[in-house]
Amino acid sequence: MELDPFNIKVSLIEPGYFKTNFNLAMLPPTFNYADYDNVRDVIRSTVSQAIAQGDDPTKVAQTIVFAARSHSPRLRYRVGNEAQWLPRLKAILPDNLFRFGARKRLNLP
């Protein structure tokens, strides 16, 4: 809203998992807490698998172009299967059930 007077539109592109090298470009943590090592390894592995099985990243690029060319762009563009259904589930499920599902999806105990 603060950019409205300047006729600047802002859109969020929210992708799910896509076949990219995103996971290879992640910076390592500054400090590794040993208590978190197992969780970190499981999440890295799960995210790497999800990215490897992800959709074509061209869909994200096409969405960016679409939003940039739009005269009246939306605030949010969710691209990909998980990006579509995850916020919907969060909105309708009780928090404890959503967290259970998220932990299961991430292969966490």
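**From values to words**

Mentor: Start with R40, which is buried, with a relative accessible area of 12%. Keep in mind that this is a predicted model.

Trainee: Why is R40 called buried?

Mentor: Buried means under 20% relative accessible area. R40 has 12%, so the word applies. The residue sits in helix α1, which covers residues 37-52. Leaving aside residues up to four places away in sequence, R40 touches P29, N32 and Y33.

Trainee: What makes T63 a buried residue?

Mentor: Its relative accessible area is 15%, and the limit is 20%. T63 falls under that limit, so it is buried. T63 lies in helix α2, residues 58-69. Its contacts, not counting residues up to four places away in sequence, are I13, Y77 and V79.

Trainee: How do you know that T63 touches I13?

Mentor: Contact means heavy atoms within 4.5 Å. I13 is among the residues that T63 touches on that basis.

Trainee: What is the accessibility class of G54, which is in a loop?

Mentor: G54 is found in the loop between α1 and α2. At 12% relative accessibility it counts as buried, because the value is under 20%. Y17, F18 and K19 are touched by G54, when residues up to four places away in sequence are not counted.

Trainee: How far is G54 from N7?

Mentor: Their C-alpha atoms are separated by 35 Å, and the two residues are 47 residues apart along the chain.

Trainee: What makes N7 exposed?

Mentor: N7 has a relative accessible area of 60%, and exposed means over 50%. The value passes the limit, so N7 is exposed. N7 lies in the segment before β1.

Trainee: Why is N107 called partly exposed?

Mentor: Its relative accessibility is 47%. N107 is found in the segment after α4.

Trainee: Why are α3 and α4 called roughly antiparallel?

Mentor: The two helices pack at an angle of about 150 degrees, with their axes 9 Å apart. Angles over 145 degrees count as roughly antiparallel, so α3 and α4 are given that name.

Trainee: Which residues make the contact between α3 and α4?

Mentor: From α3 come E82, L86, L89 and K90, and they meet D95, F98 and R105 in α4. By class, the residues of this contact are 3 nonpolar, no polar and 4 charged.

Trainee: What is the class of P87 in α3?

Mentor: P87 lies in helix α3 and has 30% relative accessibility, so it counts as partly exposed. P87 touches R78 and E82, with residues up to four places away in sequence not counted. P87 and N21 are 66 residues apart in sequence and 24 Å apart in space, C-alpha to C-alpha.

Trainee: Which residues lie nearest the centre of the largest pocket?

Mentor: E82, W85, L86, F98 and R105, out of 18 lining residues. The elements giving two or more residues to this lining are β1 (12-15), α3 (81-92) and α4 (95-105). The largest share, 6 residues, comes from α3. The space in the pocket is about 330 Å³.

Trainee: How does the lining of the largest pocket divide by class?

Mentor: The lining has 12 nonpolar, 2 polar and 4 charged residues.

Key: Residues are numbered from 1 along each chain as its sequence is written. This is a predicted model: local features need pLDDT of at least 70, side-chain atom pairs count only at pLDDT 80 or more; totals for chains, interfaces and linings use all residues. Side-chain values use heavy atoms; hydrogens and water are left out. On a 1 Å grid over the protein atoms alone, a cavity is a set of points where a 1.4 Å probe fits but cannot get out, and a pocket is an open set with protein on both sides within 12 Å along at least five of seven lines; lining residues have an atom within 4 Å of a point. Grid points are joined across faces, edges and corners, and a volume is the space filled by probe spheres set on the points. Helices (H or I, at least four residues) and strands (E, at least two) are DSSP runs, numbered from the N terminus. Ala, Val, Leu, Ile, Met, Phe, Trp, Tyr, Cys and Pro count as nonpolar, Asp, Glu, Lys and Arg as charged, and the others, Gly among them, as polar. Buried means under 20% relative accessible area, exposed over 50%, partly exposed in between (1.4 Å probe, protein chains only). Axes are lines fitted to C-alpha atoms, for helices over the stretch in contact, and angles run from 0 to 180 degrees between N-to-C directions. Angles under 35 degrees count as roughly parallel, over 145 as roughly antiparallel, 65 to 115 as roughly perpendicular and the rest as oblique.
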